Amino acid sequence: MKYIFFALFSSCMLSAQAQESSFFNNSRTILGIHKERTASMGIGDIDNDGDIDIIVANGRHWPGQNKIFVNNGRGIFTVSKSLGTEQETSYSTELADFDGDGDLDIAVGNDMAPNYIFINDGAGNFTKGDRFGAKYGHTRNIVVADIDSDGDLDILITNRGSENEMCLNNGHGVFTEVIGFGNKKDSTIDVEVADMNGDGNLDLILANRDDQPNYVYLNDGKLNFSKKIPYGTGNDVTRSVAVTDMDKDGYKDIITANIGEPNVIYFGNKKGTYERKIVFDESSDKSYSLSIGDLNGDGSTDIIIGNVGAPNNVFINSGDTSSWKKNQLNDQDFSTYDILTSDLNGDKKLDIIESNSDELNLFYFNKFTPKFP
């Protein structure tokens with residue numbers, strides 16, 4: 001078996017080198033040796049040793065074993081262990097200090113099965129805690145934010161084909177109040193949380209599938225989201241969104257990853273609308289995930305796209321969003337459900353982590369030479 005792995009990753013490396021890729025992977029830059037139905041990962045320092053560990057959510061519609069991978073300090077994950085004793089239909093996981101004790105806990109969102117919190121003892125050992133959200137929801141993603149501005153971290157759940165939920169934390173990692181958001185018939189896959197109109201309240205940016213319109217829902221400060229602003233064409237199949245000020249004009253912009261159509265940035269303005277746009281990825285790939293960050297140290301935000309049935313790509317920003325340099329990670333046609341960035345090896349550069357369903361989960365070290373110290 002090890003010879004098969006070596007051949008696979010030697011092929012990946014040669015392909016990347018032939019393209020003068022700025023990202024490096026080999027037979028060691030993998031998370032385990034099993035091909036799972038991985039849908040999502042969470043990242044954070046769970047054992048307080050100063051490096052980034054990874055939580056893997058496995059299963060999707062079928063029960064799978066979620067895993068913890070512990071960083072050895074050099075960006076290699078030489079220890080792994082199970083998260084919990086049960087196999088679950090997990091679609092999403094996030095790390096945050098839910099109980100306010102100073103360490104990172106884990107939230108896991110499942111499809112048609114209860115969602116749970118796992119409480120950290122401070123050393124990276126976890127005990128199953130309370131349930132959050134609907135008992136049998138269609139969870140596709142969870143996002144952590146202090147949506148009610150009370151000083152603790154809440155959880156937002158996107159449920160494809162059923163009502164989305166805001167689960168409010170009581171300050172101790174118990175989510176006693178649940179409020180719906182969006183349209184009850186939304187096929188929401190992703191949500192981002194940001195203050196889009198500068199009023200100090202966190203708004204919701206929804207990505208909907210099934211040819212449904214995408215919306216920004218504005219928060220009135222009392223968790224009422226009755227005002228909504230459309231973005232996109234009205235019948236996009238959007239799988240993932242990210243929010244930041246791409247063009248540095250003081251207004252937040254929306255980056256979209258779409259299925260079967262180009263991937264687009266929608267620019268905010270003082271009117272609070274999103275008519276101006278730019279296509280940064282002209283392909284019609286099945287883009288399931290995206291992440292953003294300054295990959296080459298030039299002060300501009302770059303974009304990473306994870307595809308299903310096509311190679312994953314990095315898009316390097318020219319600096320003013322007018323042009324983009326495409327950098328293919330490798331030539332593999334995996335099913336990447338989630339893609340993340342983090343400094344895994346402590347060199348102060350953002351690396352890339354792939355969540356691949358029915359394939360090995362990979363990560364890539366960043367080889368860019370920073371343009372600024």
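1. Asp190 contacts. Leaving aside neighbours within four places in sequence, Asp190 is in contact (heavy atoms within 4.5 Å) with Asn141, Val143, Thr158, Ile205, Leu206, Ala207, Arg239, Ser240 and Val241. The model is predicted: local features need pLDDT of at least 70, side-chain atom pairs count only at pLDDT 80 or more, and totals for chains, interfaces and linings use all residues. Residues are numbered from 1 along each chain as its sequence is written, and side-chain values use heavy atoms, with hydrogens and water left out.

2. Asp190 setting. Asp190 sits in strand β14, residues 188-194. Strands here are DSSP E runs of at least two residues, and helices are H or I runs of at least four, numbered from the N terminus. Asp190 counts as buried because its relative accessibility is 5%. The classes are buried under 20% relative accessible area, exposed over 50%, and partly exposed in between, with a 1.4 Å probe and protein chains only. The side chains of Asp190 and Ser240 form a polar contact of 3.3 Å. Such a contact is a pair of N or O atoms within 3.5 Å; within protein, one must be able to donate a hydrogen and the other to accept it, and residues adjacent in sequence count only if both atoms are side-chain atoms. Asn159 is 31 residues from Asp190 in sequence, and their C-alpha atoms are 9.0 Å apart.

3. Nonpolar core. How many residues does the largest nonpolar core have? It has 15, and those with the most contacts inside it are Ile147, Leu156, Phe181, Val191, Val193, Leu204 and Phe225. Two or more core residues come from each of β10 (139-145), β12 (164-169), β14, β15 (203-208) and β16 (214-218). A core is a set of buried Ala, Val, Leu, Ile, Met, Phe, Trp, Tyr and Cys residues joined through side-chain atoms within 4.5 Å. Not counting residues up to four places away in sequence, Phe225 touches Ile147, Met166, Leu202, Asp203, Leu204, Tyr217, Leu218 and Asn219.

4. Largest pocket. Its space is about 780 Å³. The lining has 33 residues, with Glu94, Asn141, Glu192, Asp338 and Leu340 nearest the centre. Strands β2 (36-44), β6 (90-96), β10, β14, β18 (238-244), β22 (286-293) and β26 (336-342) each give two or more residues to this lining. A pocket is an open set of points on a 1 Å grid over the protein atoms alone, where a 1.4 Å probe fits, with protein on both sides within 12 Å along at least five of seven lines; lining residues have an atom within 4 Å of a point. The volume is the space filled by probe spheres set on the points, which are joined across faces, edges and corners.

5. Positive phi. Most residues other than glycine have a negative phi. Asn48, not a glycine, has a positive phi of about 55°. Asn48 is in the loop between β2 and β3 (53-58) and is partly exposed, at 48% relative accessible area. Lys248, also not a glycine, has a positive phi of about 60°. Lys248 is in the loop between β18 and β19 (253-258) and is exposed, at 54%.

6. Asp99. Asp99 lies in the loop between β6 and β7 (105-110). Not counting residues up to four places away in sequence, Asp99 touches Asp105, Ile119, Gly171, His172 and Gly173. Ile119 is 20 residues from Asp99 along the chain, with a C-alpha separation of 7.9 Å.
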